[in-house]
Amino acid sequence: MAAVTSSPSSSAAPGNGRWTPLFLAGPAALLFAALVLTPLVLTALLSFNEFEHATGRTHGFTVGHYLAVLTDEYYLEIFLRTFRVAALATAICVVIGVPEAYILSRMRNPWRSVFLLVVLAPLLVSVVVRAFGWSMLLGPEGPINAGLVALGFGRARMLYSEGTVIVALVHVMLPFMVIPVWTSLQKLDPSIEQAALSFGASRGTAIVRVVAPQILPGILSGSLIVFGLSASAFAIPGLLGGRRLKMVATIVYDQYLSDLNWPMGAAVAVLLLVANLIIMLTYHRVVEGHYRRRLG
Amino acid sequence: MSFLELRDITKTYGTLNAVSDVTLSVEKGEFVSLLGPSGCGKTTTLQMIAGFVDVTSGSIHLDGRDITRAKANTRGLGIVFQTYALFPHMTVFDNVSFGLEMQRVPKSERRARVEEALELVHLAPYAGRYPRELSGGQRQRVALARAIVIRPPVLLLDEPLSNLDAKLREAMQFELRDIQRKVGTTTVMVTHDQAEAFSISDRVVVMEAGRITQIDQPYRIYEHPQTEFISRFVGKTNLLPGTVKAVSGAYASVSLAGVPVEIDSQSGADMGGKGGALASGETVTLCIRPEKLRLTGAGQGRLPGRVSERYFLGSQWLYHVDGPLGTLMAVTPNDGSAPLDLDAPVGVDWSPSVVRVHRGAMAEAPDPALEAH
C-alpha cells in the first residue's frame, strides 16, 4: 500500500527523496571530478616538488617556488599586468556589450536574429585564427599602417602592446558579456519600462533608474566570465603580446616548455587560479550583496 | 467639450485594423470601462491614450489639449498595468515616490504625499518592503497608489484585477471604486470581465473587432443590448429565431418554430437602432435573459417543458428546460424552497416586456463569453 502512494506520510518516501538528487547528479559529478579535479590536484602536488636544472624534478617537498614567485618583482609585475589587462577588457566589454544587448533586445525580427548571429559569429572562428587576423591588421605592413603612411603619418607600432592585447580580448570576449545581459533583458517585463516613462521619466532616466538595476545580475555574471577568461587567456597574449609582453598564462607555458621547470609552472598556475578566485568572489559578493534582497 | 475625447481614432498594423474609428467622450470624474473579448482592440485603445502606441489616424484630446502626438512621458497619466509593472529593485515607498521624483516635487512634500497614498490603499505598514515580498493584492494596490499619487488627470487601468483570485478580485473591485470616488480621478479601465465592468463603471463601452458597438450605463447595456453579440457577451441569454406573422397595432405575433408568441411591435426600435415597427414576414431573433423566465406548474405558462439539467449556483438555480423551442436556460433565486427535480414537467412563462428583439437572423457564432478567455 505504502509503495503505491507517494504520500509524504509514508516512511520510505523521505528517504528516497533524499537520495534521488544525489543519485541523479552522481554520474556528472564523477565525470567532473575525474576531468577537472584530478589534473588540478596533480598540478597542486607538482607545484610542491623540488627542481634542479641539473637533475630536473625530484620528489622532495618545498614551498620555494611559491616564495620565489611572491617575492620576485618580475613575477609580481606580470601578475599585475595580467589583472590590469583583464580588468580593462572587462570594463570595455561592459561599456560596449550592455548597450549592444539592450539595442539587440529592442530590435524586431528578422533584424534581431541577424544581429544576434553577428554578435555570436566570432565564436565560430578559432581564437588563434582571430589573433593572427589582428596581427596582420595591426602589423607593420598591415592595412592600418599602410593607411597611416599614405596619410603622411609615420608607421605606428601597435603589435606587442597592452592596448592590442586588450582590443583583441574584447573582440573575443564580447559575446560572453552580451549573452548573459541579453538573457536578463529577456526576462524583463517590458511594461516596467513603459511604467517609468508614464511617470514622466525620460528614456535615459528609465534606463538608468529602472532597466539597468534589473539587468545587474546579467552584467555581473557576464563580467565574471569575461574577467576569468581574460585573466587566464593564453592564445591572444601569446600571439599579440609576443616575447615582450608576458602575461601569467604565457609564463606558465614558458616554465613548462622552455625552462622545463614544471613545478615552477605549476606554482604560477595555482597562484593564478587562487588570485582569480579571490578577485571574482570578492567582486561577486560586493555587487550581488547590494541586490540580493531586492531581486532575490 | 468633454475632459477626455477620442475622435475617430484608428490603429492599423499592416493591413489589419486593430482599432477602427473609435470615438469616445469621457467626462471629468467619470469611470468608464472598455469591455470586450481579447483581440477586440480595447487594450490598443488604452495604449494609444497612454501614448505607448502611435495613432494611425484620428485625434486624442485631454482637457482641451491635443495630445495625439505627445510622448508618453509628457502626458502625465497614471497607469496601472496588467502585470502591475512595479519596479522590483525599489521599495514600496520608492515605487510610489518615483513619479513625484520625476515631477521634481520637493522631498518633504513627496514624503507626505507618498504616505497619504499608501494610507489610502491600506499599505502604510509595508512602505519598506520590496514588491516580491508582497502578495498579489498588495502589489496591485501599490500599483494603484503609484498611479494616483501623481494626481493624474486621467487614470488608466489595464485589466487591473485579472491576476487576482476570485474572492480578492471582488473585494478589490469595490475598493477600486471607493478609492476612485474619494480621489475623483477620471478613470478608463480595460477589462474582458463583464461583471467587473458592470459593478464599478459609470458607463461601459463595448468593443467588438476594433469597433465600439455600444456605449451605455451598465444596466442599459444588460437590459437593452444593441447587438446580438453583446446580448451573448454580457451575461447569459436565450436566443430564439422566428418570423413575424402579423402586426396589429402595438402587438406583433412572432412564430418561433411554429409556436406563436406575442411581442411589442415597437421593440425592434431599441435593437440595433434600425428603428421603425416590425413588418410582417420579417426574420427576427428574440432574446430573453434566463432570470426573466418564470418556471410554473406543468400545463401553465406559455410553453410546456421538462427539466433536463440543473446547476446549483449558490444564490440561484440554473435550469435547462427542454421544450418545443429547444433547450432554454432559466434561473430562479434560491429562496430556500426545494428545487425542481430532473425530468419534472414544468411550464415556461415570461412577461412580454422582457423580450428583446433583434432584427435579422441569428448568427452562428461561437459563444463569445468562451472566446474571451
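Modeller: Helix 5 of chain B passes helix 6 of chain B in a right-handed crossing (the near helix is turned clockwise from the far one by less than a right angle; helices are DSSP runs of H or I with at least four residues, strands are runs of E with at least two, and both are numbered from the N terminus). This is a predicted model, in which local features need pLDDT of at least 70 and side-chain atom pairs count only at pLDDT 80 or more, while totals for chains, interfaces and linings use all residues. Residues are numbered from 1 along each chain as its sequence is written, and chains are lettered from A and ligands numbered from 1 in the order in which they are written.

Helix 5 covers residues 136-148 and helix 6 covers residues 166-183 of chain B, and their axes lie 12 Å apart at an angle of about 15° (axes are lines fitted to C-alpha atoms, for helices over the stretch in contact, and angles run from 0 to 180 degrees between N-to-C directions). The two helices are therefore roughly parallel to each other (under 35 degrees; over 145 is roughly antiparallel, 65 to 115 roughly perpendicular, and the rest oblique). On helix 5 the contact is made by B:Gly137, B:Gln140, B:Leu144 and B:Ile148, and on helix 6 by B:Leu168, B:Met172, B:Ile179 and B:Val183 (C-beta atoms, placed from the backbone, within 7 Å). By class, this contact holds six nonpolar, two polar and no charged residues (Ala, Val, Leu, Ile, Met, Phe, Trp, Tyr, Cys and Pro count as nonpolar, Asp, Glu, Lys and Arg as charged, and the others, Gly among them, as polar).

Another pair in chain B is helix 3 with helix 4 (residues 107-120), whose axes come within 9 Å and cross at roughly 130°, so that these helices are oblique to each other. Helix 3 passes helix 4 in a right-handed crossing, and the residues that make the contact include B:Phe93 and B:Leu100 of helix 3 and B:Arg110 and B:Val114 of helix 4. The residues of this contact divide into six nonpolar, one polar and three charged.

Chain B also has an open sheet of six strands in the order 6-7-8-3-9-10, with mixed pairing (two strands pair if DSSP finds at least two bridges between them). Within chain B, strand 3 (residues 31-35) and strand 8 (residues 186-191) run parallel and are joined by five bridges, and B:Ser33 stands opposite B:Met189 in strand 8.

Conventions
Two residues are in contact if their C-beta atoms, placed from the backbone, lie within 7 Å.
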